[in-house]
Amino acid sequence: TDPAMSTTATYDVVVGSRGLSARTTSGTGVHVSILSDLKLDASVSVDRDMATGPYGLTYVWACSLFDGVQTDPCRDANDEELVLPGTAAITLPAGTLSETVGAAYQFTVTVSKAGRSPASRTVPVTVVLELLPLVEVSTAQGIFEADGWRTINAGDKLLLTSTCDITPNVRQWRFSPSIDLSTEWMGQSTAELLKGEGGHTLVPGTLYTVTHSCTADGIEGTSSLEVYVNQPPIGGSCSI
């Protein structure tokens, strides 16, 4: 090596932004009784460029309803246009909304932050007359995607947790597309469903809807979330 000789190279590094992610604890939708409070929570939303919170987000909620002809803002049981607070979590007292007839109420939360593009998440809400168990399903495993589902690898550990606001007579987990829960899985009739590492029941490239039901005195309440099983890259070319 000749110390009198040198060379210089310049590289441009462009750092992209992952953006905001609007998230709720409501899974794929909410079924609630007209006799119960409706609670929607978007406090799990994040700025994906920050490792931890607080993220400094602002929240705007809106509700719309399709009547078969057009989409209009939601109205309460007194036929007044629904006004929602600008908070991460909102609660509508029992009786605020009328029973759902046809299409579900569409509650959309938009999260924003100065200098960033906003992100939105919509939760369908179905209101029924009978008193339903209120159920919530969650998991901490996987990567939360912008479309609302969790992405995991087929061999990953997966722990699904549910809550029910009353003590149910029967609990049940089910997958769509269906899978065999009698092998590899523990807790099929409990509040927690666990699959350890490894196994072959989850098919790569498949988006599963996971539903937990609580049944009390013959009345069933359900909640669902979506889990996508990552598929290894295929095709293309490789050169060395």
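Biologist: Why are S11 and S12 called paired strands?

Modeller: Two strands pair if DSSP finds at least two bridges between them. Two bridges join S11 to S12, so they meet that rule, and they run antiparallel. As for the names, strands are DSSP runs of E with at least two residues, numbered from the N terminus. One example of a bridge is Ile-143, whose partner in S12 is Thr-151. Please keep in mind that this is a predicted model, where local features need pLDDT of at least 70 and side-chain atom pairs count only at pLDDT 80 or more, while totals for chains, interfaces and linings use all residues. Residues are numbered from 1 along each chain as its sequence is written, and side-chain values use heavy atoms, with hydrogens and water left out.

Biologist: What makes S11 and S14 edge strands of their sheet?

Modeller: The open sheet has five strands in the order S11-S12-S18-S17-S14, with mixed pairing. S11 and S14 (170-176) each have a single partner strand, so one side of each is left without a neighbour in the sheet.

Biologist: Why is the pair of Trp-149 and Tyr-228 called tilted?

Modeller: Rings of Phe, Tyr and Trp (its six-membered ring) pair if their centres lie within 6.5 Å; planes under 30 degrees apart count as stacked, over 60 as edge-to-face and the rest as tilted. By this rule there are three aromatic pairs. In the pair of Trp-149 and Tyr-228 the centres are 6.5 Å apart and the planes stand at 40°, so the pair is tilted. Trp-149 lies in the loop between S11 and S12, and Tyr-228 in S18, so the pair ties together parts that are 79 residues apart in sequence. There is also an aromatic cluster, formed by Phe-175, Trp-185 and Tyr-208.

Biologist: How do you know whether Trp-149 is buried, partly exposed or exposed?

Modeller: Buried means under 20% relative accessible area, exposed over 50%, and partly exposed in between (1.4 Å probe, protein chains only). Trp-149 has 22%, so it is partly exposed. Tyr-228, at 23%, is partly exposed too. Val-13, in the segment before S1, has 70% and is therefore exposed. Ala-114, in the loop between S8 and S9, is exposed with 76%.

Biologist: Why does Arg-116 belong to a network with Asp-47, Asp-49 and Lys-113?

Modeller: Arg-116 forms a salt bridge with Asp-47, the closest N and O atoms being 2.8 Å apart. Arg-116 also meets Asp-49 in a salt bridge of 2.7 Å, N to O. Asp-49 lies in the loop between S4 and S5 and Arg-116 in the loop between S8 and S9, so this pair ties together parts that are 67 residues apart in sequence. Salt bridges that share partners join Asp-47, Asp-49, Lys-113 and Arg-116 into one network.

Terms used: Helix = DSSP H or I, 4+ residues; strand = E, 2+ residues; numbered from the N terminus. Salt bridge = Lys/Arg side-chain N within 4 Å of Asp/Glu carboxyl O.
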